[in-house]
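I have the sequence and the model open side by side this morning. These are my notes, in the order I looked things up.

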Amino acid sequence: MYNETLIDFREQFWSFLGAFIGIALIGFLQSSYLLELENILLIGSFGAASVLIFGAVQSPLAQPRNLIGGQLISAFIGVTVFKLIPDVIWINAPLAEATSIIAMQITKTLHPPGGATALIAVIGTEKIRALGYFYVISPVLAGTLILFITALIFNNLTKHRQYPTNGKLTRVFKSRGLKSKRLRKSLAFFLG
């Protein structure tokens, strides 16, 4: 059986908490600050990214290079395709999707939610399409960085989880006291 499905309650708790906090932060920023600017920060592909970075922590597709690179490359490709072919959805949608997959493969940044990010740039609301290349910066880069930082924190709070898997960055987080009493008290206060 696939190893990621054999997780215990503790792992499920950390997966839930990390995903909840990451998406909540993005949603909070959007609802508190961005409605006035008529900007969008929370997009559907962040839900799929959360499944990987909080639920399949060890997956190569969830690692920082893939998460950040795959999202940014796909967003750029989606916007570019929409600018070149804005009105033919049966061509621009599959072209954005297929091109983003190839680009992620070539750059070794394959991240399945990136495909959704490219597609959203083409088929998203008028607000999203009107962003043009700003879509790459916000919502994509901003939201991806929020999820990444949240994943670094929550996936390294316990000895059972390690993110990213390369160890170097993980050792920095674990050695800097993410397991310290002060951090646990702060989190307990924040989480109620």
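**Terms.** For burial I call a residue buried under 20% relative accessible area, exposed over 50%, and partly exposed in between, with a 1.4 Å probe and protein chains only. This is a predicted model, where local features need pLDDT of at least 70, side-chain atom pairs count only at pLDDT 80 or more, and totals for chains, interfaces and linings use all residues. Residues are numbered from 1 along each chain as its sequence is written, and side-chain values use heavy atoms, with hydrogens and water left out.

**Overview.** I began with the elements: helices (H or I, at least four residues) and strands (E, at least two) are DSSP runs, numbered from the N terminus. The protein chain has 9 helices and 0 strands. Of its 192 residues, 45% count as buried. I also looked at contacts, meaning heavy atoms within 4.5 Å. Among contacts with a separation of 6 or more, 66% are between residues 24 or more positions apart.

**Threonine 117.** I looked up threonine 117 in helix 5. Is threonine 117 buried or exposed? Threonine 117 counts as buried, because its relative accessibility is 0%. Which residues does threonine 117 touch, not counting those up to four places away in sequence? I found Ile43, Ser45, Gln71, Ser74, Ala75, Tyr135 and Val140. I also checked valine 79: it lies 38 residues from threonine 117 in sequence, and the two are 9.8 Å apart in space, C-alpha to C-alpha.

**Helix 5 as a whole.** Next I took the helix around that threonine. The expected span of a helix is 1.5 Å times one less than its number of residues. Helix 5 has 12 residues and reaches 17 Å from first C-alpha to last, close to the 16 Å expected. Its buried residues are Pro113, Gly114, Gly115, Thr117, Ala118, Ile120, Ala121 and Val122. What covers them includes helix 2 (45-55), helix 3, helix 4, helix 6 (126-130) and helix 7 (134-154).

**Helix 3 against helix 5.** I then looked at one of these neighbours. Axes here are lines fitted to C-alpha atoms, for helices over the stretch in contact, and angles run from 0 to 180 degrees between N-to-C directions. Helix 3 and helix 5 pack at an angle of about 25°, with their axes 7 Å apart. That angle makes helix 3 roughly parallel to helix 5; angles under 35 degrees count as roughly parallel, over 145 as roughly antiparallel, 65 to 115 as roughly perpendicular and the rest as oblique. Helix 3 contributes Gly70, Gln71, Ser74, Ala75, Gly78, Val79 and Phe82 to the contact, and helix 5 contributes Pro113, Gly114, Gly115, Thr117, Ala118, Ala121 and Val122.

**Serine 74.** I picked out serine 74, which sits in helix 3. Serine 74 is buried, with a relative accessible area of 0%. Leaving aside neighbours within four places in sequence, serine 74 is in contact with Ser100, Met104, Gly114, Gly115, Thr117 and Ala118.

**Helix 4.** Helix 4 (residues 89-107) has 19 residues and should span 27 Å at 1.5 Å a residue; its end C-alpha atoms are 26 Å apart, which agrees. The buried residues of helix 4 are Asn92, Ala93, Ala96, Ser100, Ala103 and Met104. They cover an arc of only 110° around the axis, which puts them on the same side of helix 4; the arc is that of the directions from the helix axis to the C-beta atoms. These buried residues pack against helix 3 (64-84) and helix 5 (112-123). On the other side of helix 4, Trp90 and Ile106 are exposed.

Most residues other than glycine have a negative phi, and most peptide bonds are trans. Lysine 108 is not a glycine, yet its phi is positive at about 55°. I found lysine 108 in the loop between helix 4 and helix 5, and it counts as exposed at 62% relative accessibility. Where is proline 164? Proline 164 is in the loop between helix 7 and helix 8 (168-175). A cis peptide bond joins tyrosine 163 to proline 164, with omega about -5°.

**Helix 2 against helix 7.** Helix 2 and helix 7 pack at an angle of about 25°, with their axes 11 Å apart. That makes helix 2 roughly parallel to helix 7. The contact is made by Phe46, Ala49, Ser50, Ile53 and Phe54 of helix 2 and, on helix 7, by Pro139, Val140, Gly143, Thr144, Leu147, Thr150 and Ala151.
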